[in-house]
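Here is a short briefing on one protein model. Keep the sequence and the 3D view open as you read.

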Amino acid sequence: MYHQPVLKNRRTLLERAEKFVSDVYFTDCNLRGRLYGDSRPLDSLSSFLSLERITFAEASKQNFEPYKVGSTFGPTWWTCWFKVTLTVPESWRGKEVHLRWESDGEAMVWRDGQPVQGLTKEGEKTSYILSDCLEDAEPHSLTLYVETACNGLFGAGQGSAIAAPDPDRMFSVQRAELVVFNREVRELLTDLETLVDTVKVRPPARLRTRAECWRPLCGPQELGEGEQRGFQALFAANEMVNLCDPFDAGSFPGARALARGFFGQKNGQSQHTVHAMGHCHIDTAWLWPYEETIRKCGRSWVTTIRLMEKNPDFVFTCSQAQQFQWVKSWYPGLFSQIQHFVKKGQFVPVGGTWVEMDGNLPSGESMVRQFLQGQRFFSQEFGLHCKEFWLPDTFGYSAQLPQIMQGCGISNFLTQKLSWNLVNTFPHNTFFWEGLDGSRVLTHFPPGNSYEMKGKIEDLVKTVRNNKDKGRANHSAALFGFGDGGGGPTQLMLDRLDRVKDTDGLPKVQMSSPDKLFSQLRADSALLCTWAGELFLELHNGTYTTQAQIKRGNRECEALLHDAEVACCLALGRDRTFQYPDQKLQELWRLLLLNQFHDVIPGSCIEMVVDDALKYYEDIRRDGGAVLQEACGALGSRGTAAGVFNSLPWERHEVIQTAGGAGGPALALVRVPSVGLSLIEETQPATPVSVTVQADGTVLMENGILRTVVNKDGTLASLCLIDANREAISDGCHGNQFVMFDDVPLYWDAWDVMDYHLQTRKPQQEVVQPVCVARPGGLRGSVRFSLRVGERSSVTQEVVMDATCPYVRFHTEVTWAESHKFLKVEFPVRVHSPNATYEIQFGHAQRPTHMNTSWDWARFEVWAHKWSDLSEHNFGVALLNDCKYGCSVRKNTMTLSLLRAAKAPDANADMGTHHFTYAVMPHAGSFQDAAVIRCAYNLNFPLRLMGCSPDTVPWSAFSVSSEAVVLETIKQAEGRKGAFVVRLYESHGSSVTATLSTRLPVKEAWICDLLEKQDPTQPALITTGGVTLTFRPFQIVSLLLIL
């Protein structure tokens, strides 16, 4: 009697199973080769090429010419529409029929005028199901349209994914045919592939670049070799191969029964639970323009809807209200389907923001508006309120985000980006994150370190192994689906996860939602750790500086919209017939919020996106300027006398440039009340500015507060705070020293500046035009000079000292034409402190000036908003700016990052002429007592010229009694005329009581949240003095004022 031999050679058995399902080897006789049955060519295939992204209605009317499969079309960013006519043979009755379509461009199938399926070869979607089981009643002859974008899932990079796009790239359709799809083969393939994946599981990955995440680091490493469960999977797979005859479907049930036997062996109760959620991270713009993102959303989401129709348990999470708004406008039928599945709980809007914004650079008010616009959209369109903030792919997270989240009704946060840290491994996956004011949110980093898993065994095992909170958290998220460029989940991913819902040796898997995940995590949160302060990403810190024009546009437009809203509120408060332009302001805010997407404001996008972003800033400047002008006109009673408007909540006494006369702009020293206006009534300073050219060619400038000596090369030889008799510039050093660095990162060009760039420092000292006097003094004194920097660039700068002003300004023009260089300016100061202070949203944070630990060292380049400060007891120096974010303080050297010259993904990034201003401010006492915060606001929010009636008297609408409290925002309440929202925050880091006074006719005042929801339990008492409020350090308080 013959006995079948028992084989124990692991390698041969494993490779045998792999080859049996391979799409490369032995496809003539293996199982994979039987995936498709009969095929048939299309009746006809014709095409039409369009430069523009046009609607289906327009495209279907065009003249289509015959197209031959394999022919090229393009170039990049064009669109090729295909008209497909087909007839399904009668003999295919009872079979599953697909349109098989393979192209290197992203495609959308249109049927009966509606989008029905996305097709993306890179996203493993290469067929459209015409019939699950062909019946006589179904149409056998069809006409379809396929809209094919001339770009891939990740754009069209020339040579590498993140390189600048190849404008001349051509595309083709490699396959277009009707096929019979053998579903039983697919099911059996999934069984075998899942068993093989169980046998060979990759180890937890080291930090990978995004590019590396698209490809394995190396071949699979077989960690299951010594594990019992791995061998069981191996022998089950081998027996299935023995039993299965690819050419005999009758052998399939027996083989599948073996697989079910393995997968059906249950887990114990203590096993980790993975909450699987479909996801499709779509960058709102990155390696493709905004307009292409609209189509990516359509392609990805319509495919997701098709999956939901077949898989009623499938749950899909989707963020970014802007993308929903686009789909609503471009694909209204699809949007209606999304609304249907939202109601069913399968299509889950998450995040609560307008876009997935950068977590560092937007202002505090911009972050509030992200949530305000996002949550209102989700409420209006879906009747829901997001409970979790969803930001998996941004480049760091401000310490004020927990308070902003809580103020917007969000108590949970999900991201994974800190897994990319270059130096230190973040110690938690599930923890409480405590913000600047003490607010806490439950935070989860999916341990699989990805937002685009594929539902494979290695994803599940990695999720368990990487969990840094074992014993404290026994639940984790696994987000599956193609992402970044869209695509989303596939049926294969769902099938993989379904097989291992409860399989011995693997974590339990359940299709879940964010609400279920966080509810479970919160229920078991007693042992969770707390992380206080910012979540700093130790990578991508070049994004604080790249694409300086975008940074400038953001800062200027934030200030403009702030001023426009304040002026409109004041105009309405004085004249109830004034029409508050709420729709126009919402439109402009949404444009600004759009540009704060985490690959746009950081500058990590292609040139087309930069061009779009700069155009949007110009739109905001134009229309926002018109709104401001109209409001100021109403506020000033359409008068013609010269006046000035102050949007900030303190009196300002400063030099401004007026319209002047025939001789050009003139200067005036004006005094303007808090949040108010006054006529320009020139006053003379107690101490005018003096400018003296000294014998050695240096220039001495003094205004009674500061005295500075400017060298012939524009550096500061001295900067003295006169009353304190303190020199600010370090001995033997010069302030305002331009320095250049080599800037060649490891991979991510626009994103990264590496620590080793600091070893390439080169002071820039080649003088083109030595210092000369530009303004002789009085109200303003200044000197001008020019330098050559780098090989092909130049700096022209005016160093300005104004009467009464406690800081020196540097108005700077740079003509920039470098390659992989980094320009900074340094101020070595006579201050010793282990920590420097940096402005962040609604407050400030401290970071070390030393490199004691790897955590300190990793912060060699950090971000700040309008100011940074280095202080010791009773003296310090602040560095202010009007549009820069990257900076650092190492020991006693304060550095502001000015310009980079990355070449990917935008080959022309930052080339051209730049204008910006920074300032240096030595001060006595603390930066709080020295009004550094107010001075930084003054630099960023210029006094606005306006027309007034000749009899106008100085008028203030609002004031705050405490210097620690900043009145940040005054706006009309959303959807509520006759009501204002004012937002204040404590800026010093102190507990304080403050009174908000107003001259507007306020009847009621209520505490409200950041979404402007009135708290009926917290009326604010209005007295003759105003509204008295108490603040804890860095607390944000919003008031609803009823006129």
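A residue counts as buried when its relative accessible area is under 20%. By that cut-off, strand 52 (residues 1004–1008) is mostly covered, with 4 of its 5 residues buried. Keep in mind that this is a predicted model.

**Strand 52 and its partners**

- Strand 52 runs antiparallel to strand 56 (residues 1036–1042), and 5 bridges join the two.
- Across that pairing, glutamate 1004 stands opposite isoleucine 1042 in strand 56.
- Strand 52 also pairs with strand 53 (residues 1014–1019), in the antiparallel sense, over 2 bridges.
- Here tryptophan 1006 stands opposite proline 1019 in strand 53.
- Strand 52 and strand 53 form a hairpin with 5 residues between the strands.
- In that hairpin, glutamate 1012 takes a positive phi near 70°.

- Four strands make an open sheet in the order 48-51-55-54, with antiparallel pairing.
- Strand 48 (958–960) and strand 54 (1022–1023) are the edge strands, so named because each pairs on one side only.
- Strand 51 (residues 992–998) and strand 55 (residues 1026–1031) pair over 5 bridges in the antiparallel sense.
- Threonine 993 has threonine 1030, in strand 55, as its bridge partner.
- In a regular strand, side chains alternate between the two faces of the sheet.

**Helix 6**

- Helix 6 (residues 252–263) has 12 residues.
- From first C-alpha to last, helix 6 reaches 17 Å, close to the 16 Å expected at 1.5 Å a residue.
- Which residues of helix 6 are buried? They are Phe252, Ala255, Ala259, Phe262 and Phe263.
- Seen down the axis of helix 6, these buried residues fall within an arc of 95°, so they line one face of the helix.
- An α-helix has 3.6 residues a turn, so residues three or four places apart point the same way.
- The buried residues of helix 6 pack against helix 3 (183–199), helix 5 (228–243) and helix 13 (491–499).

**Cavities**

- How many cavities of 30 Å³ or more does a search of the whole structure find? It finds 8.
- The largest cavity has a volume of about 270 Å³.
- Its lining has 23 residues, and the closest to its centre are Ser363, Glu558, Lys866, Phe941 and Glu968.
- Elements that give two or more residues to this lining include helix 10 (364–382), strand 38 (835–840) and strand 49 (965–972).
- Helix 15 gives the largest share of the lining, 5 residues.

Methods. Residues are numbered from 1 along each chain as its sequence is written. This is a predicted model: local features need pLDDT of at least 70, side-chain atom pairs count only at pLDDT 80 or more; totals for chains, interfaces and linings use all residues. Side-chain values use heavy atoms; hydrogens and water are left out. The expected span of a helix is 1.5 Å times one less than its number of residues. Buried means under 20% relative accessible area, exposed over 50%, partly exposed in between (1.4 Å probe, protein chains only). The arc is that of the directions from the helix axis to the C-beta atoms. Contact means heavy atoms within 4.5 Å. On a 1 Å grid over the protein atoms alone, a cavity is a set of points where a 1.4 Å probe fits but cannot get out, and a pocket is an open set with protein on both sides within 12 Å along at least five of seven lines; lining residues have an atom within 4 Å of a point. Grid points are joined across faces, edges and corners, and a volume is the space filled by probe spheres set on the points.
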